[in-house]
Amino acid sequence: PRIDIADVDDPRINAYRELKGRTVWKQGDSFIVEGTKTVARLLESDYELSSVLLIESRVDEWLPRLPEHVPCYVVPQPLG
């Protein structure tokens with residue numbers, strides 16, 4: 001489901017802050033990826049998604065490709 005995020009301090013997207021310029025961030029058994037090619041490869045893999053964070057301008061491209069049960073957090077612009 002799509003979940004709009006209005007505040008960059010929203011705790012639901014805390015994990016995504018750890019990327020800080022990296023394309024992959026791993027913590028324990030979980031990891032976060034960033035980038036069109038990396039995300040596409042993840043969607044084609046057997047890994048289960050926990051959530052996805054998108055900017056509004058990419059929603060039409062990516063949301064239809066995501067499993068329906070995966071939360072999709074949407075921010076109006078890239079987080080700084």
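Colleague: In which helix is Leu-43 found?
Modeller: Leu-43 belongs to helix H1, which covers residues 36-44. Helices (H or I, at least four residues) and strands (E, at least two) are DSSP runs, numbered from the N terminus. The model is predicted, so local features need pLDDT of at least 70 and side-chain atom pairs count only at pLDDT 80 or more, while totals for chains, interfaces and linings use all residues. Residues are numbered from 1 along each chain as its sequence is written, and side-chain values use heavy atoms, without hydrogens and water.

Colleague: Why is Leu-43 called partly exposed?
Modeller: Its relative accessible area is 23%. Buried means under 20% relative accessible area and exposed means over 50%, with partly exposed in between (1.4 Å probe, protein chains only). The value of 23% therefore makes Leu-43 partly exposed.

Colleague: Which residues is Leu-43 in contact with, leaving aside its neighbours within four places in sequence?
Modeller: Leu-43 is in contact with Leu-49, Trp-62, Arg-65 and Leu-66, where contact means heavy atoms within 4.5 Å. Arg-65 is 22 residues away from Leu-43 in sequence, yet their C-alpha atoms are 8.0 Å apart in space. With the corresponding neighbours set aside, Trp-62 is in contact with Thr-36, Val-39, Ala-40, Leu-43 and Leu-54.

Colleague: What makes the largest nonpolar core, and which residues have the most contacts inside it?
Modeller: A nonpolar core is a set of buried Ala, Val, Leu, Ile, Met, Phe, Trp, Tyr and Cys residues joined through side-chain atoms within 4.5 Å. The largest one has 13 residues, and Leu-49, Val-52, Leu-54, Trp-62, Leu-66 and Cys-72 have the most contacts inside it. H1, S4, helix H2 (59-62) and S5 each give two or more residues to this core. The largest share, 3 residues, comes from H1. Another core lies apart from it; this one has 6 residues, among them Ile-5, Ile-13, Tyr-16 and Tyr-73.

Colleague: How do you know that S4 is joined to strand S5?
Modeller: Two strands pair if DSSP finds at least two bridges between them. Here 4 bridges join S4 to S5 (residues 72-75), so the two strands count as paired, and they run parallel. Val-52 stands opposite Cys-72 in S5.

Colleague: To which faces do the side chains along strand S4 point?
Modeller: The side chains of S4 (residues 52-55) alternate.

Colleague: What makes the pairing of Asp-10 and Arg-12 a salt bridge?
Modeller: A salt bridge is a side-chain nitrogen of Lys or Arg within 4 Å of a carboxyl oxygen of Asp or Glu. For Asp-10 and Arg-12 the N to O distance is 2.7 Å, so the pair qualifies. Asp-10 lies in the loop between strand S1 (2-4) and strand S2 (24-27).

Colleague: Is Asp-10 buried or exposed?
Modeller: Its relative accessible area is 13%, so Asp-10 counts as buried.

Colleague: How many salt bridges does the structure hold?
Modeller: The structure holds 4. One of them joins Glu-61 to Arg-58, with the closest N and O atoms 2.8 Å apart. Glu-61 is partly exposed at 36% relative accessibility, and Arg-58 is partly exposed at 29%. Arg-2 also forms a salt bridge with Asp-4, at 2.7 Å between the closest N and O atoms. A network of salt bridges links Arg-2, Asp-4 and Glu-56.
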